Structures are given as structure tokens and as C-alpha cells.
Amino acid sequence: MAHSEHNDNSMFKITLNLTLAALLSGVIIAIVYYFTAPIAEIQRVRMKEQSMKELVPEATSFTPIEGKEEWYKAEKDGELAAYILHASEKGFDGHVKLFVGVTLDQKLIGYKVLSHKETPGLGDQAFKPKFADQFKGKGYQQLELVKIQEEGKITAITGATITSRAVTNGIKNALIELEKYLNESK
Amino acid sequence: MNLWKEFTKGLIVENPIFRLALSLCPALAVTSNVYNALGMGLTVMFVITCNNISVSFFRNVIHPKVRVPVMVISIATIVTVAMLVLEAFLPVLFKELGIYLSLVVVFAIILARAEVFAAKNKVIPAMMDGLGMGAGFTIGMVTIGGIREVIGNGSFFGYQLLGGWYHPPLVVILAPGGFIVIGFIIGVLNLSEKRKKEKLERAAATAGGNV
């Protein structure tokens, strides 16, 4: 397709040039996607399972709860051990998505972040132990966010109040929803 | 050798961030810690090198009137491939870099090197230019990221350096901190260059005075 200087400007040649470039690009992407897509899917599932395992280490299997999106029963040798809830709440930038581990008597085990766009080094401290440990063992009635440390309440991270609130409210709503669900199914 | 020169010029003399002042957007956005800065730098290095090779390889076939669209298609293809590979093999990094990854397509430095260098040179020099520019970009990113992480978070590469007594200024982690840090680095580089020039001039002047 080497071009000469003379009839170089014909619309046909220019179009053909672009078309071939786009076609080649499409073919390359399709081939790569064909090979990477299954691996990426496996990785996604593995990462999800890993965060569930971290929440409830003693569980041997996770079965989805019917009628609830991304809710799971953590089972140990076939017996119900804990619930894993999916929580989503608007944060500082986009939604914060969490996996929340809950015991059978509806107290918090902890939470793991699935995806977020909070400020690195600032908002993302809400997913580190120092903040996250405050939630352990609490029910939704005790999930109240305060700026100055107070016994039995959640202390917000300095400079990341919005993220702290998003996490607290997201978990609170998930817990309330769980109680409603359990009462209904009784 | 000449090839070596094509490589090293991107490191400091024509450093993309500090000297050419291109692609400052990612230099601000993803440098709040070293890990992200390094990941972004290496991704850009990969994309710029592949793109330089591809543009240089096809330079006699590409019609001059549509060269920019064709270059953009080439960049977009390489970025998409890089994203697919990262998603499959390094999902954690993929999650961290998030939306910035697709923005690599429009990084000025990549198109600039394709247009200025790769479209006019053979494949091997174009590759060296890409590697050098990519390495220079990575060095710039890591420098900014390192300074911001140490001052703004008291840590380096995730390891806590400064203890609990240190209350980091939040502004360094946020976007304004990026501007400030880049400004200071460019300032220091310009100052050192000025000093060097003055020294040369003074040396020339004294030499001249003897005549």
C-alpha cells in the first residue's frame, strides 16, 4: 500500500488507510480479549471469595441468598455461620462498595472494601484497621458517627468525614435491611 | 552510541514532565503514593514504546492526511491491550489505577513522541526514544509520588517511616500538593541549570579577560 506522491489525495486512499488501521486494531483487541477474558473472570471471582474468606475465616462455603443481590450465607460444614452483605453508599467520589460480615445475632464482624474512588492516603484510611476495628461487635443501633471521640460510637477520620459517613451509613443500612429480611422470612 | 543518546535524553535533559512539561495531568492525579506512580509510569513506558515501534514501522504506509487519527487508533489499541492484560494478571493494580488507565490514550507525551520522533525515524531508534521517554516519565512520577507520600502520609512505598508524632499536612496528598511539588521540582531544576550556565559564562569571561 505504498503511496506515490501523485494521486495520493484521493478520498478512497485516505478512507482505505483509516479503515485498515481500525480493522487491524479491532482484530488485535479481539484476539487479546479472547485470551484474557476468562482469566480476568477467574481473578474477579477469586478476589471476591478472598475478601469473604477474610471476613469469615472459619467458613467452608458461601451460598448466595435468594432474592438479595450479592448477599451470601457463610456456612461451616453445611451449618450457617455468618452473613455476608453487600453494602453500597455514595462516598466522596462515586460509590463505596463493601462486603460486610455479620454474625447470626446481627453484630458486625467487620467489612472489606470491594471498590471505591476515595482520595488515596486520606479517604482510603476508612478501609484500614484503625478505623475499621471500631465497628467490631456493634449492632446498627450503635452505629453513630461522631467527630470527637466518644465511648461506644464511631469516631470519624480527620479530613475524611464524608468517607467515614458513607462507610458507617452503608453498613447501617445493610444491617437494617438484614433485620427486615430475617423478620420477613421467619 | 547514538541509540544510547536517544534513550538518555528522555531521562533528564528532555524529561517529559519536568522539561517538556507534557502529561502533567497524570503527574498530578496518580502521584499521591509511590506504588500508583510507579504502576502508571511503567504502563506509560510500555504504551509509548509499543506505539513508537508501531508508528515507525508503518510510517511509510500511513497517509499524511490521516496520520493523527491513525496514531490515536494505534495508541488506543495498545492501551486497551495493556488494560486487558493488567485486569487479567494484576487485578489489584488495575483496580488502583482505575479510570486513569483509559486516559493514557490521550496523554500528550505519547502522541507527541509519535509525531515528533517515531514518524520520522527507523524502528530501533524510535523504540529507544520510547523507552527513554517512558523511563523519564516513570522517574518523574516516582519522584513526585515519593515526595508527596513521605510528606503527606509519612510513609514510603506503604512502609511507615515517620511515627505517630508526625501529623502530615493533608494538602500534599490532595491535588494542590501535586501542583506545589511539581512547581518546586521544576524550580530547582531551572535554578541548577541557571547556575551551570552562569558558571560557564564566568569561565568564558575570565578566559576572555586574559587576552
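With which side chain does the side chain of Glu118(A) make a polar contact?

1. The partner is Thr163(A), whose side chain lies 2.7 Å from that of Glu118(A), a polar contact being a pair of N or O atoms within 3.5 Å, where within protein one must be able to donate a hydrogen and the other to accept it, and residues adjacent in sequence count only if both atoms are side-chain atoms. The side chain of Glu118(A) also reaches the backbone nitrogen of Phe92(A), at 2.9 Å.

2. This is a predicted model, in which local features need pLDDT of at least 70 and side-chain atom pairs count only at pLDDT 80 or more, while totals for chains, interfaces and linings use all residues. Side-chain values use heavy atoms, with hydrogens and water left out, residues are numbered from 1 along each chain as its sequence is written, and chains are lettered from A and ligands numbered from 1 in the order in which they are written.

3. The model scores ipTM 0.70 and pTM 0.73. For chain B the average pLDDT (the predictor's confidence in each residue, from 0 to 100) is 85, and 97% of the residues score at least 70.

4. Glu118(A) sits in the loop between β5 (108-115) and α2 (129-132) of chain A, and its relative accessible area of 3% makes it buried (under 20%, with exposed over 50% and partly exposed in between, for a 1.4 Å probe and protein chains only).

5. Glu75(A), in strand β2 (residues 72-76) of chain A, is likewise buried yet has no salt bridge, the nearest side chain of opposite charge, Lys73(A), being 5.5 Å away; a salt bridge needs a side-chain nitrogen of Lys or Arg within 4 Å of a carboxyl oxygen of Asp or Glu.

Key:
Helices (H or I, at least four residues) and strands (E, at least two) are DSSP runs, numbered from the N terminus. Lys and Arg count as positive and Asp and Glu as negative; His and the chain ends are not counted.
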